[in-house]
Amino acid sequence: MAKTAMKKASNLFIWIILGLLFIALAGFGIGSFSGGASRVGAVGDVEISAEDYARALDQEIRARIAQTGQPVTLATLRAQGVDQAVLQSLVARAALVNEAQMMGLSVGDAEVARQITQLSAFQGIDGAFDRESYEFTLRQNGLNPAAFEQEVREDTARALLQAAVIGGIAPDQTITEALVAYQAETRDARLLIVTGADLPEGVPLPNAADLEAHYAANPARFTRPEARAISFAWVTPTMLMDTTPIDEAALRALYDDRAALYRQPERRLLEQLVFADTAQAQAAYDAILAGESSFDAILDERGLSFEDVDLGEVTRDDLLPEAAALIFGDQSSEIIGPAPSPLGPALFRVNAVLDASEITFEEAEEELRAELAAEAARRAIDDLRDPVDDLLAEGLTLEELAETTELVLGRIDYTPTSEEGIAAYDAFREAAMAVDEGDFPELLTLSDGGLFALRLDAIVPPTLPPLAQIRPEVRADWRADAIRAAINARAEMLLGELAQGATLEDLGRVETERDIRRQGFIPDAPPTLVAQLFQLGAVGDVVLVPGADRALIAQLDAINPAARDDPNTQILLQVLGQAVAQTQAQDVFEAYGQALQTGAGIRLDQAVINAVHAQFP
């Protein structure tokens, strides 16, 4: 039992050590700390070496780089207090090791050897422990086998101590039950929906003064975001397709190559049930005709599935001549047979009859012509690539490029929300955000094979257009605000009538929602509706929830406690129980660790800590 617990508890810490080691393989060239300056501190009798602290910092830096994809320096981490967190984790580890040593808790050489030899990082290509790889890895990290094995021994003992402290903690059932009752509770409600159609007098149209006041009061709504004024020259296959000549003989050849696609013979969707001999097949056929059996019943008796007997789409040429004549000569029967098959006498079930079809050359010509034109246009664009590159290298502007080649000049005030024209291409969007003023235009490729080059002319700051330019937009925004205000005013009035004794049904169209979950949502309802329903304290309570184009008056009809016999509730009980146990274990272990640190005493050498920091760029 103890051995199993030791194995489970220690594996995590072994991997943590190895993570520190292997990340440090490509480290920052951390120097060696020797003599009295080799310790950043100690807890009790257990020292924290400078090398351990340096490796932990290195690991944290590389983890941040991997997570963000951006350069990270120690100065950045120190500004965020990460160096203190790293040092505190080493202090906590040393406190546990110190306590384990004081208790005489340790593991033997055999267990240390077993754990190390089972780690894949130290195994050769044959899966066996490789002593040379082991020693090389440790040597690259400034360790020797004895030092590393001592760390493994200490961390295994620490894991045993941790397991002993928190292993017996069970979840608090009172907390778990309370969480389940809260989370699994559902509610029923009726909703009175108020929309613009419910406004008895509608909303009047705004006059000039209304628009001017709305424009002046809401400049942020109409201010255009910062834009990048970009000139570009581009060409796509679609631009050249209409002017690309197509060889008529090539059209005919392409049609003939696809004859099997355009000329489909008569087909059947068949299932084939094979028998040992014709007598058995005939007996089965007669039983089906007499209603004494069925095709599916025979499949079940023989333990066959649909996939076992399905032939899919079949032509005459796919069947033996006798079977083809029988099956394709019968236009009405579902079960046909017995008929020969390569596997023996068989019954066939016809699932569908597909008539012969033909798409003529004239019917397919437009599709074929477009395909050949697109291919020819792409080839023409490929032929343009090198000449256009040369012209750009000679210093031609985009305007000159458009005059001398097939590329077309265009301009756009680009923002991250632009999607029209060339801005629909990801390649252009990326280039538009990356280009700087003064950059030399570079020929780039679009996803459909097109080419483009661009130039940043200016960065246009956020601008509020004059009212005269955006009057329709201001009018629409004013009207949306007016309708929203009128809907909310109407809902407030109905809420007052409800307080005077009216029912929801007396006031308008009502919808009923049942078993609303705390984390659920109601389609077409304001996103805050569910949260507000769960804030109501008693059945009959009412809440008004305004929305963008509607308002809802919600009345709580029922508070449904968690259904304990619901499988989902049982799953939730298990999940929350585990979460409560983990939280309790974490709190207990943190308190235990802090007590150990206080009792053992912590000594830190700031000069050595600063020396470690100085080793990092």
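**Entry 1: the open sheet**

I began with a definition: two strands pair if DSSP finds at least two bridges between them. I note at the outset that this is a predicted model.

I looked up an open sheet of four strands, whose order is S7-S6-S9-S8 and whose pairing is antiparallel. Strand S7 (310–314) and strand S8 (335–339) stand at the edges with a single partner strand each, so one side of each has no neighbour in the sheet. From one strand to the next, the twist averages 30 degrees.

Strand S6 (residues 267–274) pairs with S7 over four bridges in the antiparallel sense. Within this pair, leucine 269 stands opposite glutamate 313 in S7. S6 is also joined to S9 by eight bridges, and these two strands run antiparallel.

How many bridges join S8 to S9? I counted three, and the two strands run antiparallel. Isoleucine 335 stands opposite arginine 349 in S9. S8 and S9 form a hairpin with six residues between the strands, in which glycine 344 takes a positive phi near 130 degrees.

**Entry 2: arginine 349 and its salt bridge**

I returned to arginine 349 for its side chain. Arginine 349 forms a salt bridge with aspartate 296, and their closest N and O atoms are 2.9 Å apart. The pair links distant parts of the chain, 53 residues apart: aspartate 296 is in helix H15 (residues 295–301) and arginine 349 in strand S9 (residues 346–354).

Is arginine 349 buried or exposed? Its relative accessibility is 11%, so it counts as buried. Aspartate 296 has 42% and therefore counts as partly exposed.

**Entry 3: other salt bridges**

I searched the whole structure and found 28 salt bridges. One joins glutamate 185 to arginine 187, with 2.9 Å between the closest N and O atoms. I use a cut-off here: buried means under 20% relative accessible area. Glutamate 185 has 15% and is therefore buried. Arginine 187 has 6%, so arginine 187 is buried as well.

Another salt bridge brings together the side chains of arginine 514 and aspartate 188, at 3.8 Å from N to O. Arginine 514 lies in strand S14 (residues 510–517) and aspartate 188 in strand S3 (residues 186–195), so the pair ties together parts that are 326 residues apart in sequence.

Why do I describe strand S1 (residues 39–43) as largely enclosed by the rest of the structure? The reason is that four of its five residues are buried.

S1 runs antiparallel to S2, and four bridges join them. Arginine 39 stands opposite serine 49 in S2. The two strands form a hairpin with two residues between them, and glycine 44 in the turn has a positive phi of about 60 degrees.

S1 is joined by three bridges to strand S17 (residues 602–604), again running antiparallel. In this pairing, alanine 42 stands opposite arginine 603 in S17.

**Entry 4: the second largest pocket**

I turned next to empty space. In general, rolling a probe the size of a water molecule over the atoms shows where such space is left.

The second largest pocket has a volume of about 410 Å³. Its lining holds 19 residues, and Glu47, Ser49, Asp52, Glu151 and Glu154 lie nearest the centre. Which elements each supply at least two residues of the lining? I noted strand S2 (46–49), helix H2 (50–68), helix H4 (82–102) and helix H7 (145–166). By type, the lining divides into six nonpolar, four polar and nine charged residues.

**Entry 5: phenylalanine 521**

Last, I looked up a residue outside the strands and helices. Phenylalanine 521 is in the loop between S14 and helix H23 (529–533). Its relative accessible area is 70%, so it is exposed. I took alanine 424 as a reference point: phenylalanine 521 and alanine 424 are 97 residues apart in sequence and 33 Å apart in space, C-alpha to C-alpha.

Conventions:
Residues are numbered from 1 along each chain as its sequence is written. This is a predicted model: local features need pLDDT of at least 70, side-chain atom pairs count only at pLDDT 80 or more; totals for chains, interfaces and linings use all residues. Side-chain values use heavy atoms; hydrogens and water are left out. On a 1 Å grid over the protein atoms alone, a cavity is a set of points where a 1.4 Å probe fits but cannot get out, and a pocket is an open set with protein on both sides within 12 Å along at least five of seven lines; lining residues have an atom within 4 Å of a point. Grid points are joined across faces, edges and corners, and a volume is the space filled by probe spheres set on the points. Ala, Val, Leu, Ile, Met, Phe, Trp, Tyr, Cys and Pro count as nonpolar, Asp, Glu, Lys and Arg as charged, and the others, Gly among them, as polar. A salt bridge is a side-chain nitrogen of Lys or Arg within 4 Å of a carboxyl oxygen of Asp or Glu. Buried means under 20% relative accessible area, exposed over 50%, partly exposed in between (1.4 Å probe, protein chains only). Axes are lines fitted to C-alpha atoms, for helices over the stretch in contact, and angles run from 0 to 180 degrees between N-to-C directions.
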